[in-house]
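Dear colleague,

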Amino acid sequence: MKKILFAVATFVAFSACAQDISLVAPSKSRGSDIMQTFARRQSVREYSDKDLSQQDLSDLLWATMGQNRDNGKLTAPSCQNKQEIRLLVFTKDGVSEYLPASHSLQKLVDGDYRALVADRQDFAKTAPVSLVMVADMDKFGKTDERAMMMVAVDAGIVSENACVAAAGLGLATVPRASMDAEGIRKLLGFGDSQIFIMNNPVGYPAN
Ligand SMILES: Cc1cc2nc3c(=O)[nH]c(=O)nc-3n(C[C@H](O)[C@H](O)[C@H](O)COP(=O)(O)O)c2cc1C
């Protein structure tokens, strides 16, 4: 009986947190010309403290790893279309996972944990949003040396999409490998099959 009560309590606690947060529809007709976008792409490590607008957050996430075709494929290509990269979104309000199929966020934890992404680089804490790319090795299905290389490539592509999207949308970001991966793992209760690879703090440029 005690075990059943514990299971019910755990389920209720998890359900209370695992809420879906809808995003506004992405605008697919905005942004600067592609060559101007590449001309502007650069690492930026200073951000305004203004939160991203709902439209900018939606457009950033869709461009970074959104579903762009009816067959379920994404703006970011992946090795054998495994789609093993999970995109986590850290804000002052909590940590969510971006779900490309529904273009929504699923809240994983409440609270401000951007410091775990920043780790020893304080500037990263000041970005209103930090995107974290995690490879789900269970979904990839292999863990040999080549598989580890392929998931790193896939995460790099997602991170570069975020860099290009930011440049095109007037946002500021930097691709980063540094983060407190073990701290984030503990916070989210992720197992060893989840590999934290890259992150992008994103905000409006300072000034
Ligand atoms: C795989 C990778 C890891 C990186 N990790 C960090 C990092 O942890 N912290 C940081 O401030 N910049 C990081 N960078 C950003 C690079 O320092 C930056 O891209 C490089 O200096 C070139 O500058 P640019 O992006 O303005 O062209 C990383 C870039 C890449 C591609």
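The largest pocket holds about 380 Å³ of space. Of the 20 residues that line this pocket, Ile21, Leu57, Thr91, Asp93 and Leu105 are the closest to its centre. Here a pocket is an open set of points, on a 1 Å grid over the protein atoms alone, where a 1.4 Å probe fits, with protein on both sides within 12 Å along at least five of seven lines; lining residues have an atom within 4 Å of a point. Points are joined across faces, edges and corners, and the volume is the space filled by probe spheres set on them.

This is a predicted model, in which local features need pLDDT of at least 70 and side-chain atom pairs count only at pLDDT 80 or more, while totals for chains, interfaces and linings use all residues. Residues are numbered from 1 along each chain as its sequence is written, and side-chain values use heavy atoms, without hydrogens and water.

Strands E1 (20-22), E2 (85-91), E3 (94-99) and E4 (104-110) and helix H3 (54-65) each supply at least two residues to the lining of the largest pocket, with E3 giving the most, 3 residues. Helices (H or I, at least four residues) and strands (E, at least two) are DSSP runs, numbered from the N terminus.

The second largest pocket contains about 330 Å³ of space. Its lining comprises 17 residues, and Arg30, Gly31, Ala63, Ala165 and Leu169 lie nearest its centre. Helix H6 (145-169) is one of the elements that supply at least two lining residues; H6 gives the most, with 5.

Yours sincerely
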